[in-house]
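Please study the sequence and the three-dimensional structure shown below. The paragraphs that follow lead from the terms, through the overall fold, to individual residues.

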Amino acid sequence: PFPELSRVIDYVERNHASRITVADLAERAGYTVRTLERLFQKRFNMSPFAYLKRVRLNGACRLLTQTNLPIAQIATDTGFCDQSYMTKEFARLMRITPQAYRDSHTA
């Protein structure tokens with residue numbers, strides 16, 4: 001639905017666990033950083049970095065409910081620098097800690 005951003009979205013979906021910068025995404029899309037930021041704001045009402053973080057959190061949610069991996073491992077597997085940062089961002093955006101999310105979504 002967003003052809004001007006499809007290359008960036010596909011790249012983020014496939015590589016969210018890697019170290020990615022907004023400059024990398026802009027270069028991949030053929031835009032300046034500012035243009036990419038404006039397009040993301042217009043289409044998704046968030047920055048490219050916020051979108052990347054959301055994709056990482058979605059991946060963490062899947063791993064929390066579908067595996068028994070330690071939360072620290074899930075953090076690194078989804079591209080967060082460490083468990084502390086993932087937990088902080090997870091709680092801020094999901095309004096629940098990763099462990100509480102896991103506990104409430106598993107039988």
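A residue is called buried when its relative accessible area is under 20%, exposed when it is over 50%, and partly exposed in between, with a 1.4 Å probe and protein chains only. The model is predicted, so local features need pLDDT of at least 70 and side-chain atom pairs count only at pLDDT 80 or more, while totals for chains, interfaces and linings use all residues. Residues are numbered from 1 along each chain as its sequence is written, and side-chain values use heavy atoms, with hydrogens and water left out.

The overall fold comes next. Helices (H or I, at least four residues) and strands (E, at least two) are DSSP runs, numbered from the N terminus. The protein chain has seven helices and zero strands, which gives the pattern α-α-α-α-α-α-α along the sequence. Its C-alpha trace spans about 45 × 25 × 20 Å along the principal axes. Of the 107 residues in the protein chain, 35% are buried. A contact is defined as heavy atoms within 4.5 Å. Among contacts in the protein chain between residues at least 6 apart in sequence, 54% join residues at least 24 apart.

What lies in the interior? A nonpolar core is a set of buried Ala, Val, Leu, Ile, Met, Phe, Trp, Tyr and Cys residues joined through side-chain atoms within 4.5 Å. The largest nonpolar core has 16 residues, and those with the most contacts inside it are Leu 5, Val 8, Val 12, Leu 25, Leu 36, Phe 40 and Tyr 51. Each of α1, α2, α3 and α4 supplies at least two residues of this core. A second, separate core of 11 residues includes Leu 57, Ala 60, Ala 75 and Phe 90.

Not counting residues up to four places away in sequence, Leu 36 touches Leu 5, Val 8, Val 22, Leu 25, Ala 26, Tyr 31 and Pro 48. Ala 60 is placed in helix α4. Because its relative accessible area is 0%, Ala 60 counts as buried. With neighbours within four places in sequence left aside, Ala 60 is in contact with Ile 74, Thr 78, Met 86 and Phe 90. Ala 60 and Ile 74 are 14 residues apart along the chain, and their C-alpha atoms are separated by 6.2 Å.

Loops also deserve attention. Is His 16, with a relative accessible area of 13%, buried or exposed? His 16 is buried, because 13% falls below the limit for that class. This residue lies in the loop between α1 (6–15) and α2 (22–29). Apart from neighbours within four places in sequence, His 16 is in contact with Tyr 11, Leu 52, Val 55, Arg 56, Thr 78 and Gly 79.

Two other loop residues are exposed. Asn 45 is found in the loop between α3 (33–44) and α4 (48–66), and it counts as exposed because its relative accessibility is 63%. Its phi is near 55°, a positive value in a residue other than glycine. Arg 95 lies in the loop between α6 and α7 (98–105) and, at 74% relative accessibility, counts as exposed. Phi of Arg 95 is near 65°, which is likewise positive in a residue other than glycine.

Finally, a helix can also carry an exposed residue: Ser 84 lies in helix α6 (residues 83–94) and counts as exposed at 56% relative accessibility. Ser 84 and Ala 29 are 55 residues apart in sequence and 31 Å apart in space, C-alpha to C-alpha.
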